[in-house]
Amino acid sequence: MKNWVQVFSVIDFISAGILVTAVSINTFKRIEPCVKAYTLNSWLLSSLTAVAAFMTGEVHLYAASVVTFLSKGILIPMFLRRIVRQIKATHDVEPYISNALSLTISGILVVVVYAALKEGIFVTGLSKHVLQISIAVILIGLFIMITRKKAIIQVIGLLFMENGLFLSGFALTFGMPLIIELGVLFDMLMGVIILGIFVIQIRKAFASSDLDKLTTLKG
Amino acid sequence: MGIENYFAAGIFFFLLGAVMSCVLSGKAQNYTYVLSAIGAVNLIIAGLYLSAGTLISVPSIPITPALEFSFQGDALSGFFVTVISILTLAVSIYSVGYTKNIGNQGLMGFLYNLFILSMYAVVLSGNIITFLISWETMSVVSYFLVTFDRDEKSAKAGLLYAVMTHIGTAFIIILFLALYKYTGHMDFSGMRAASAGIPKDLKTMIFIFSIIGFGTKAGIIPFHTWLPRAHPTAPSNISSLMSGVMIKTGIYGFIRINMDVLGHGPEWWGITIIVIGAVSSVIGVLYALMEHDIKKLLAYHSIENIGIILLGIGSSMMFGSNGMYTLSAIALIAGLYHTLNHAIFKGLLFLGAGSIMHATHTKNMEDMGGLIKPMPYTGLFFLIGSVSICALPPFNGFVSEWLTYQALLLGFNAPSITSKIISPLGGAALALTGALAAACFVKAFGISFLGVPRSPHAQDAKESSASMIVGMAILAVLCLMAGIFPGTVIGVISPSVIALTGSDGNISYNGLLSIGKTFSSLAPAAILISMLCIGAAIAVFIIAAGKRKTVYADSWDCGMPSLTSRMQYTATAFTKPIRLIFKRIYLPKRELSISYILKPLFVRSLRYSGEITPFFERYMYEPLTAFIRSAASKARMLQSGNLNLYLGYILITLMLLLIFGI
Amino acid sequence: MEYLQFLIIILFSPLLNGIIKKFKAYMQGRIGPGIFQPYFDLIRLFRKDMVVSVVASWIFKATPYIVMTSVIAASLIIPVITLKSPFGMIGDVIALIYILALGRFFMALAGLDTGTAFGGEGSSREMTVAVLVEPMMMLSIFTAAVSAGSTNIARIAETQNMLYSPSHILALAAFIVAVVAETGRIPVDNPDTHLELTMIHEGMLLEYSGRYLALMEWAHYIKQMLLFTITADIFFPAGISYTTEIYGLVLSTGVYILKMLCFAATMALIESSRAKIRFFQLPSLLGGAFVLALLSLVIHIMMGGK
Amino acid sequence: MVLILSIPVVTAVICYLLKSPKLVGYASLAGAAALAFAALPVIISAISSPAEMMNGVLYMDALSGYIMALVIFLSLASAAYSIGYLDHEMKVGLTGASGVRRYYALLHLFIFTMLLVTAANNLALMWIAIEATTIVSALLIGLGFSKRSLAIEAAWKYIILCTVGITFALLGIFITYYATTAVMGGQGALNWTTIRSIAPKLNPATMKLAFIFILVGYGTKAGLAPVHNWLPDAHSEAPSPISALLSGILLNTAFYGIMRFISITDPSTGSVFTGNLLILFGLISMGISSVFILVQVNYKRLLAYSSIEHMGIISLGIGIGGPVGVYGALLHIMNHALSKPLMFFVSGRIQAHYGSTKIENVNGVLSSMPLAGTLAFIGALSLAGTPPFNIFISEFTVLRAAVDNGLWAIAGLFLLFAAFVFYGMLSAFGRMLFGGRNAARVQGDEKSGQIVAASGFSLSMSSVLNNGIMILLASLIVVLGFTVPGFIDGTIRTCVNILGVK
């Protein structure tokens with residue numbers, strides 16, 4: 001009774017949305033929209049999981065989607081906002097390169113991924129695109145981290161990488177065993193919290209959250 | 001009592017000495033060196049046994065199952081053990097008195113014994129891993145001894161030494177591993193057995209690497225730069241060991257690999273070594289002439305003598321590859337004989353230098369002078385050492401150089417024109433070296449021991465303590481003995497020579513050292529005796545001529561009263577003609593600095609300062625190190641401290657791997 | 001008889017020096033002192049008292065004996081009128097050169113011993129000259145030794161009877177330069193001067209007087225004759241007797257006298273025809289000689305000689 | 001097994017709750033000791049007979065036993081060393097009681113995570129554990145007694161880079177999981193033992209991809225150049241006992257993950273692929289680190305770079321492969337894990353005495369603190385790969401493996417870089433150790449008095465432990481330079497078999 005074709009396209013749509021939210025980071029000049037983009041991205045991720053769960057009827061996928069929603073969709077964004085408020089940073093992203101350039105580069109990344117992951121290596125039951133997109137998201141996250149000066153943005157970039165990671169895990173394997181998912185999630189959560197603490201520390205120690213202040217250790 | 005027991009006893013005594021010197025304190029600490037002396041005596045006996053051809057091999061101890069310690073000795077090792085032990089005996093006795101006035105005696109005694117043991121280990125090691133470990137242990141311990149004073153200067157010298165010898169070791173490791181790969185054996189005897197299977201080019205590589213690796217330790221030009229820095233900074237008893245025997249381990253390794261393991265190589269190997277030897281000897285002595293730091297001077301002479309040794313070994317290889325085993329044997333005997341001699345007289349000279357520094361607290365000859373009066377014994381022994389190193393009859397240096405001359409002269413028997421010409425040229429180089437050495441030691445002895453004291457230190461110098469004198473006396477006597485009884489020495493050498501070349505060079509020695517190949521002969525003993533008789537005759541003649549009065553007066557001062565010590569010829573002045581004649585090599589610089597009262601009319605003072613350019617340092621090593629350093633400093637850009645950059649590295653690495661990896 | 005042939009050198013060396021002086025005088029149009037003058041000088045010196053510097057050590061006193069000993073020991077080795085010298089076996093030409101070097105070594109030390117500038121200057125220059133001379137001497141001897149296949153003097157003398165190859169002539173030329181330098185003659189050194197700027201050998205003897213000086217002078221005469229003799233042995237061995245029967249000895253004695261006279265004449269000729277050259281010109285002269293010696297050797301080997 | 005894992009956690013809690021800083025120290029030491037006693041039998045049995053625990057989540061065999069033994073030994077060592085170290089830090093007022101408590105608690109959590117890495121059979125669990133080590137140790141570095149801001153900077157870089165890297169590792173694990181699903185159908189496997197059994201059937205292309213991600217991911221953590229950049233900062237800014245743990249064993253646990261992966265990758269892709277990658281990383285690591293050692297001005301960074309060099313040597317050995325190469329690499333892991341902590345301990349003492357980590361501010365150590373100076377020399381020479389010390393043996397073994405396989409170029413480069421390192425090490429430490437006696441320069445005089453007192457040989461319990469542990473390490477270094485005891489040798493050989501080297 002399910003309309004497979006429709007479902008497939010749904011998954012593709014959602015994953016496309018994930019990609020778009022990821023790419024969109026390149027365009028923002030301020031921090032808040034980035035956080036928003038991340039929230040959206042997480043919601044899309046969890047909904048994707050939910051759809052897949054509905055499709056395959058795997059229970060643990062439902063659980064995974066819920067957990068994802070709670071942690072990535074609610075908790076972390078809140079946390080991020082608090083940090084942003086706390087550090088009272090000038091809310092500019094301060095990229096090293098112009099947004100236009102970074103947009104093009106991340107576009108190129110996507111193309112590279114599509115080129116690199118040739119058909120045939122991975123045949124996932126769901127879609128041809130999800131894996132490519134997920135890896136693209138990972139790389140874009142890394143790219144964001146490379147090109148932005150603000151510490152907080154790096155955290156966001158990292159979070160995007162993780163979302164991409166989850167997506168890829170999902171694409172490859174319908175998700176890991178739940179316990180593993182949870183463990184990984186927990187780890188991530190801890191990591192983000194610690195990072196947040198450090199962001200604040202940096203703010204305290206250097207009176208700025210720009211990374212180009214953090215270049216005392218060299219050579 | 002079998003040979004093993006002598007070894008065991010000797011090693012035990014050295015270990016005991018090492019321990020005791022740490023345990024004991026005060027005066028007793030000095031006397032721990034007596035233990036080392038006893039150990040040395042034992043090992044002299046053991047070494048003589050060994051060199052007589054009794055083989056020993058100790059059961060091997062596994063490090064990892066793949067690698068194991070194994071010691072085994074043959075005639076060659078025996079000879080080197082003997083050489084090391086002889087010098088050790090004298091130096092140990094000397095050290096009893098010498099170490100009284102150096103700090104941290106416990107450490108000194110410990111390292112001293114360890115150093116000697118490591119040298120034994122090197123010449124006795126049976127496989128490559130044992131050799132390498134002993135070899136590097138020797139280097140490390142000697143590094144600590146070089147830096148014993150712990151001041152900046154010695155630290156620098158030690159660093160240079162350690163690094164150069166380490167690089168040398170790297171080459172040795174490669175050539176050992178190459179041998180191992182192609183012979184499948186790690187022990188030398190196995191390698192020797194299987195050495196036929198080694199491809200020709202690889203043999204060449206091994207030969208070249210062995211020149212670099214062992215040559216660095218032996219201090220051949222141009223790998224010598226560490227030597228004149230490291231040897232002087234060490235305490236004198238140590239520098240005497242280093243110069244006397246440690247650098248000989250390089251010679252040992254070279255012979256072991258190129259003459260024993262590899263057998264006979266192509267002719268050009270030998271010729272190369274002859275050329276290297278000639279260059280080293282001449283350049284070494286030339287630089288020695290310009291040194292006024294007495295220990296540096298001696299160190300440069302070590303380079304020279306290594307060159308002379310290589311002349312012998314090189315021609316031996318050259319003959320060997322042409323299948324002329326008799327001649328090869330003669331040449332090798334010459335080389336090994338000089339190895340022994342150099343150990344003796346260079347040891348003696350360094351000990352003498354030690355006594356001088358002990359008495360005058362300076363290494364600079366320009367501040368010495370007239371020392372022969374306050375310290376007559378030291379003076380006499382230093383004189384004997386100088387005469388021996390200048391290869392003047394009837395002392396030992398002469399015999400070995402005579403043999404070397406014979407070997408080089410016999411080069412005309414070689415088939416190829418090159419070796420026909422190269423060997424006599426080697427002879428000419430040897431003659432030049434001899435003359436320069438004579439000049440150098442006239443300077444060294446004349447300036448420091450004769451004339452008027454040039455400084456208050458020299459003025460109130462005291463003769464050194466009894467044990468030091470005894471230590472030197474032993475070596476001085478040996479200088480004479482090895483000079484007039486060549487038969488005995490050759491008796492010790494010939495088993496290893498026979499083992500290596502398969503011939504005894506048909507040198508007969510019934511009081512008269514005659515080489516069957518040429519009809520040349522030498523009877524050092526007879527020369528000595530005749531000299532004594534003649535001297536006596538002259539004395540008689542003088543006495544017969546009747547008694548005459550001897551008036552003591554000032555030296556001729558050209559009529560202007562009171563010669564001061566500043567009017568004497570200085571060491572710098574003495575060597576000036578040679579400096580000018582060989583200016584193409586020395587590249588001497590002199591600058592004149594004038595300070596004026598009223599420029600340009602009234603001059604307050606004029607200062608001349610001159611120096612010679614240390615060619616190899618200036619044009620070989622300094623540019624190289626400078627380049628490496630600058631390159632390294634540029635490379636530090638990679639770690640700029642920017643996190644984004646580091647993240648970039650990760651991305652790039654990943655990308656490259658994804659693109660090229662799969 | 002053959003045991004005593006070295007006495008010839010010891011006894012007649014002053015005479016030879018006198019003869020050279022006489023020749024020189026003739027060439028310079030003087031009458032000059034008698035040929036026995038050196039003997040009278042020596043005797044006079046032996047009679048005199050000695051003045052010794054207070055600075056001097058035992059080296060200074062020992063040196064005359066050592067120098068004398070070395071030259072006599074050297075003259076033991078070489079064959080003078082017969083090759084059947086019993087002492088010939090105890091040393092060869094290399095030994096001979098090094099025995100002479102022993103004497104020089106101590107002479108140089110003695111020069112430094114008294115702490116005067118002249119002594120130092122003399123010994124410094126002496127050693128420098130030695131540095132330049134010895135290699136070339138060796139090389140030129142090598143040429144002969146190589147063709148003889150031995151360094152034993154008698155052997156060398158046997159194997160070649162006449163100058164038969166260009167290489168020998170070159171070697172001889174080099175060797176003569178060496179002899180000139182070793183005997184301290186013009187153009188290298190001036191034996192009759194006491195002007196400090198020029199003296200080399202005399203500089204070292206400056207502090208000596210009385211019998212020590214006599215010994216030194218005599219030793220110098222002996223060394224000179226020794227060098228002539230060895231030149232004769234190596235390059236013109238012709239006429240020297242191989243055996244010891246009396247007839248041969250007489251003949252070879254005659255020949256020997258002739259040779260010595262020739263040498264004396266040559267030396268006189270050189271000394272009076274040339275001026276002493278500056279000290280720092282020496283390298284060019286001696287270096288040139290070195291090149292000659294080298295050439296001679298190379299040619300000899302190229303000729304595939306023995 | 002659970003017991004073993006629980007001990008450190010409990011100790012951590014206790015340490016956090018205890019009030020008096022002195023007590024905390026000894027409590028932590030006791031905890032470490034207890035851990036050692038508890039673990040010893042398990043490890044021994046594991047070496048002889050591999051065992052799965054907790055239905056296959058945990059797994060112990062010789063390899064994990066080997067690494068775990070090193071972990072525990074070093075934990076004990078640094079726990080013992082920490083006491084004296086923290087005493088001094090408190091004396092000079094760089095930290096307070098709360099800092100000390102936090103330090104010990106984190107230390108034991110850190111130990112726990114590392115134990116978990118070695119014991120994990122489930123690859124994902126291993127990943128979680130490794131990530132956990134990053135987080136905990138980042139906090140430890142962040143404590144940064146000496147200079148707050150630098151410590152934070154170092155910790156920040158450390159955590160960011162390692163998390164990013166390790167993210168890729170997780171991707172690699174997913175891919176592996178996918179590969180196994182392809183083989184097993186339906187549910188894939190994550191347990192190393194299971195994957196090992198089906199390894200030959202895995203799709204090579206997939207596994208290649210997976211391995212590249214794993215290599216970059218764990219490689220970052222293991223400090224392989226060119227993704228090593230966090231390492232010098234973190235190691236130089238962390239408290240000395242922590243630096244010792246970081247470079248002594250943490251890097252090895254990360255590399256342990258790589259080794260586990262190699263043993264499941266090789267059967268499908270063939271060992272050439274992984275081998276070449278590892279050789280490449282190894283050479284780059286040696287090259288870069290040697291160059292940096294040559295011109296280093298800060299001795300703790302110098303030691304950090306030397307860690308990179310030694311990780312390079314290890315990966316070179318594994319990459320060259322063959323029994324000899326792998327044996328050498330595994331032996332090298334142990335040797336490095338003995339020498340490097342010694343050096344960090346000593347450098348901690350030196351830093352305490354001279355109050356600076358700049359080489360030019362330190363000189364005359366041999367005169368001012370003879371014991372530390374001597375030990376420093378032993379350590380430095382052994383790190384420079386000089387006989388008769390332990391590291392020479394393993395380096396020589398690796399070199400021999402290279403020559404056995406005819407990799408002359410690699411052997412040549414190896415020796416070249418080794419020479420650079422030797423020069424750098426010796427010049428740096430020569431400058432520090434020799435020279436005249438002079439008191440602490442950077443610290444003010446009024447302070448330096450008590451500093452000397454703190455670092456001098458007052459026969460307090462702490463300093464006895466402090467010296468004792470360093471002397472123990474040094475003597476081990478010397479002994480292992482002459483012989484490798486039979487049981488160690490046996491263990492390593494079993495590990496070689498486990499890594500599936502024929």
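**Asking how we know: a four-chain model**

Colleague: Let's start with chain A: among its contacts between residues at least 6 apart in sequence, what share joins residues at least 24 apart?

Modeller: In chain A, 75% of the contacts between residues at least 6 apart in sequence join residues at least 24 apart. Keep in mind that this is a predicted model.

Colleague: What makes up the secondary structure of chain A?

Modeller: Chain A has seven helices and zero strands. Reading from the N terminus, its elements go α-α-α-α-α-α-α. Of the 219 residues in chain A, 49% are buried.

Colleague: Which parts of chain A touch chain D?

Modeller: The contact involves 31 residues of chain A and 34 residues of chain D. On the chain A side, two or more residues each come from α5 (129-147), α6 (151-173) and α7 (178-206). The largest share is that of α7(A), with 13 residues. By type, the side of chain A that touches chain D has 21 nonpolar, eight polar and two charged residues.

Colleague: Let me pick one residue of chain D. Why does D:A155 count as buried?

Modeller: A residue is buried once 20 or more other C-beta atoms lie within 10 Å of its own. D:A155 has 27 such neighbours, so D:A155 counts as buried. You will find D:A155 in helix α6 of chain D.

Colleague: What is D:A155 in contact with, leaving aside neighbours within four places in sequence?

Modeller: D:A155 is in contact with A:F198 from chain A, and with D:A138, D:I141 and D:G142 from chain D. D:L366, on the other hand, lies 33 Å from D:A155, C-alpha to C-alpha, and 211 residues away in sequence.

Colleague: Which residues touch the most other members of the largest nonpolar core?

Modeller: They are B:I330, B:I333, B:A438 and C:F105, in a core of 646 residues. Helix α6 (residues 148-184) of chain D gives the largest share of this core, 22 residues. Domain 1 (270-543) and domain 2 (615-661) of chain B each supply at least three residues to this core.

Colleague: What does B:I330 touch beyond four places away in sequence?

Modeller: Its contacts there are B:L403, B:Q406, B:A407, B:L410, B:G505, B:I507, B:I515 and B:K517.

Colleague: Which chains share the most contacts?

Modeller: Of the four pairs of chains in contact, that is chains B and C. Their contact takes 65 residues from chain C and 68 residues from chain B. The largest share of the chain C side is 17 residues, from α5(C). That side divides into 40 nonpolar, 16 polar and nine charged residues.

Colleague: How do you know that β6 of chain B and β1(C) pair?

Modeller: Strands pair if there are at least two bridges between them. Strand β6 (residues 550-553) of chain B and β1(C) have four bridges, so they pair, and they do so in the parallel sense. In this pairing, B:V551 is opposite C:V51.

Colleague: How do you know that chain C does not touch chain A?

Modeller: A contact needs C-beta atoms within 7 Å. The nearest C-alpha atoms of chains A and C are 55 Å apart, and these chains do not touch. Chains C and D have no contact either, with their closest C-alpha atoms 41 Å apart.

Key
Residues are numbered from 1 along each chain as its sequence is written. Chains are lettered from A and ligands numbered from 1 in the order in which they are written. This is a predicted model: local features need pLDDT of at least 70, side-chain atom pairs count only at pLDDT 80 or more; totals for chains, interfaces and linings use all residues. A nonpolar core is a set of buried Ala, Val, Leu, Ile, Met, Phe, Trp, Tyr and Cys residues joined through C-beta atoms within 7 Å. A residue is buried if 20 or more other C-beta atoms lie within 10 Å of its own, exposed if 12 or fewer, and partly exposed in between; C-beta atoms are placed from the backbone. Domain bounds come from an automatic or database domain assignment. Two residues are in contact if their C-beta atoms, placed from the backbone, lie within 7 Å. Ala, Val, Leu, Ile, Met, Phe, Trp, Tyr, Cys and Pro count as nonpolar, Asp, Glu, Lys and Arg as charged, and the others, Gly among them, as polar.
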